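Please walk me through this protein, from its overall layout down to single side chains.

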Amino acid sequence: MRITAEKLERLQALTGLPQEQAQSALKAADGDLLESLLLLERAGLIADAGVGRWSTGGAETRLAPRPARNADPQPGSQEKPEDLLRRCWHWLVYNRLEIYKKYDPSRQTRCPIGVLLGLLAVAWYVAAAALLIALCTGWRFRLAGPQFDKRN
């Protein structure tokens, strides 16, 4: 493969490395952007950003699962206010209310908990009426998301 200026700029943007290191990584990977990122990560020059992973390989290529975060803080440790705000934000955004037809799973809609709470705060009578009408017409409700997972 060829090393182009676009690949070099893209690698620099992704890693934050200087041009010389990015160019040497691309040369080592024969111009393959993904392979150069893997080489840099294995060399410890860039950190694993916690990006989701997917592999077509078998069991031998599976990555070891990351250790789960401890849900309970250590005794005596204080939680920072920004950590609390970040956890609340994630709870409001990534958890959702799912509205679905009982016998037709293809008919489904989702609403983040934060949007639902906002609607209830601003126009509670409209949101409550809509939920009641949906319930009476055969729609079902469930809470879903990382905090409502059955394994937790």
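What follows goes from the overall layout to one helix, then to charged pairs and a surface patch.

This is a predicted model, where local features need pLDDT of at least 70, side-chain atom pairs count only at pLDDT 80 or more, and totals for chains, interfaces and linings use all residues. Residues are numbered from 1 along each chain as its sequence is written, and side-chain values use heavy atoms, with hydrogens and water left out.

Start with the layout. The protein has six helices and three strands. Helices (H or I, at least four residues) and strands (E, at least two) are DSSP runs, numbered from the N terminus. From that end, the order is α-α-α-α-β-β-α-α-β. The chain exposes about 12200 Å², and carbon and sulfur atoms supply 59% of that area. Accessible areas come from the Shrake-Rupley method with a 1.4 Å probe; for residues, only the protein chains shown count as cover. Of the 152 residues, 18% count as buried. Buried means under 20% relative accessible area, exposed means over 50%, and partly exposed lies in between (1.4 Å probe, protein chains only). Contacts are heavy atoms within 4.5 Å. Among contacts with a separation of 6 or more, 43% come from residues 24 or more positions apart.

Now look at helix α2, residues 19-28. A22, A25 and L26 are buried there. They sit on the same side of α2, because they cover an arc of only 100 degrees around the axis. That arc is taken from the directions from the helix axis to the C-beta atoms. What covers the buried residues of α2? The cover includes α1 (5-15) and α3 (33-42). On the other side of α2, E20, K27 and A28 are exposed. D30 follows the helix, and its phi is positive, near 60 degrees.

Next come the charged pairs. A search of the whole structure finds five salt bridges. A salt bridge is a side-chain nitrogen of Lys or Arg within 4 Å of a carboxyl oxygen of Asp or Glu. One of them joins D83 and R86, with the closest N and O atoms 3.3 Å apart. Both residues lie in helix α4 (residues 81-94), three residues apart, about one turn of the helix. D83 counts as partly exposed because its relative accessibility is 28%. R86 is also partly exposed, at 47%.

Another pair is E98 and R96, whose closest N and O atoms are 3.0 Å apart. Is E98 buried or exposed? E98 is buried, with a relative accessible area of 5%. R96 is partly exposed at 25%. E98 also forms a salt bridge with R110, at 3.5 Å between the closest N and O atoms. R110 lies in strand β2 (residues 104-112) and E98 in strand β1 (residues 96-101), so the pair ties together parts twelve residues apart in sequence. R110 is exposed, at 53%. Salt bridges that share partners join R96, E98, R110 and R142 into one network.

W91, L117, L120, W124, Y125, V126, L143 and F148 make a nonpolar patch of about 790 Å². The elements giving two or more residues to this patch are α5 (113-122) and α6 (124-136). Patches are made of residues with over 30% relative accessible area and no salt bridge: like charges are joined within 9 Å, nonpolar side chains (Val, Leu, Ile, Met, Phe, Trp, Tyr) within 5 Å. Which element gives the most to the nonpolar patch? Helix α6 does, with three residues. Y125 lies in α6. Y125 counts as exposed because its relative accessibility is 52%.
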